[in-house]
Amino acid sequence: MSTPADLITPATFADAMADLPAGVAVITTRGPEGPMGLTVTSMGPFTAAPPSLMVSVSHSSRSCDPLLSCSDFGVHVLARDQEQVAMAFVRKDDDKFAGLSWTWDGDVPRLRGALAYLRCHRDTAFTHHDHSLLIGTIVAIERAADEDSAPLLYHRRRFSWSLQDDGAHAG
């Protein structure tokens with residue numbers, strides 16, 4: 001079924017994008033009152049030389065302004081067993097870090113147990129409608145010791161670690 005451009009709504013666009021599986025990450029930085037973070041599915045590599053990545057941040061997020069003005073931020077690629085971590089950073093709670101294992105990496109909050117942790121230096125940001133695209137140069141990478149671990153995915157509006165319908169889906 002084809003939808004003409006003049007009939008495409010945010011809902012029809014979201015329905016189409018729900019078919020695209022995405023990796024799940026938590027982006028962290030130091031805010032004016034302490035650690036801040038949010039869960040994202042719109043992020044990925046930007047350039048290979050120098051290594052950099054891009055993250056899309058909604059202007060409605062309380063973490064948006066701190067991320068746009070920070071010098072450094074952390075990207076935590078979540079493992080399949082970290083749905084609760086993802087959900088903690090989706091909520092609007094004041095202290096999203098409560099009950100989680102984390103520490104400071106200089107001025108960047110670092111979550112323990114991520115599949116990969118990338119510390120980034122913020123280079124630039126571009127605004128497009130209600131989001132900003134944050135570009136960061138990667139200054140440090142640490143991967144989990146278990147290289148066979150699977151990533152947490154978001155597909156058809158639910159967290160999953162498998163694209164097969166084998167009953168192993170979360171949520």
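Ser 132 is a residue of strand E10, which spans residues 131-143; strands (E, at least two residues) and helices (H or I, at least four) are DSSP runs numbered from the N terminus. The model is predicted: local features need pLDDT of at least 70 and side-chain atom pairs count only at pLDDT 80 or more, while totals for chains, interfaces and linings use all residues. Residues are numbered from 1 along each chain as its sequence is written, and side-chain values use heavy atoms, without hydrogens and water.

Ser 132 counts as buried because its relative accessibility is 2%, the limit for buried being under 20% relative accessible area (1.4 Å probe, protein chains only). Leaving aside neighbours within four places in sequence, its contacts (heavy atoms within 4.5 Å) include Val 55, His 59, Leu 68 and Phe 126.

## The sheet

Seven strands form an open sheet in the order E3-E2-E6-E9-E10-E5-E4, with antiparallel pairing; two strands pair if DSSP finds at least two bridges between them. Strand E3 (34-40) and strand E4 (43-48) are the edges, each pairing on one side only.

Strand E2 (residues 25-31) and strand E6 (residues 72-77) run antiparallel and are joined by 4 bridges. Within E6, Val 75 is the bridge partner of Ile 27.

## Confidence

The average pLDDT, the predictor's confidence in each residue from 0 to 100, is 87 for the protein, and 85% of the residues score at least 70. Over residues 165-171 the pLDDT is below 50. Where pLDDT is low, the predicted coordinates should not be read in detail.

Notes: Buried < 20%, exposed > 50% of the residue type's maximum accessible area, 1.4 Å probe, protein only.
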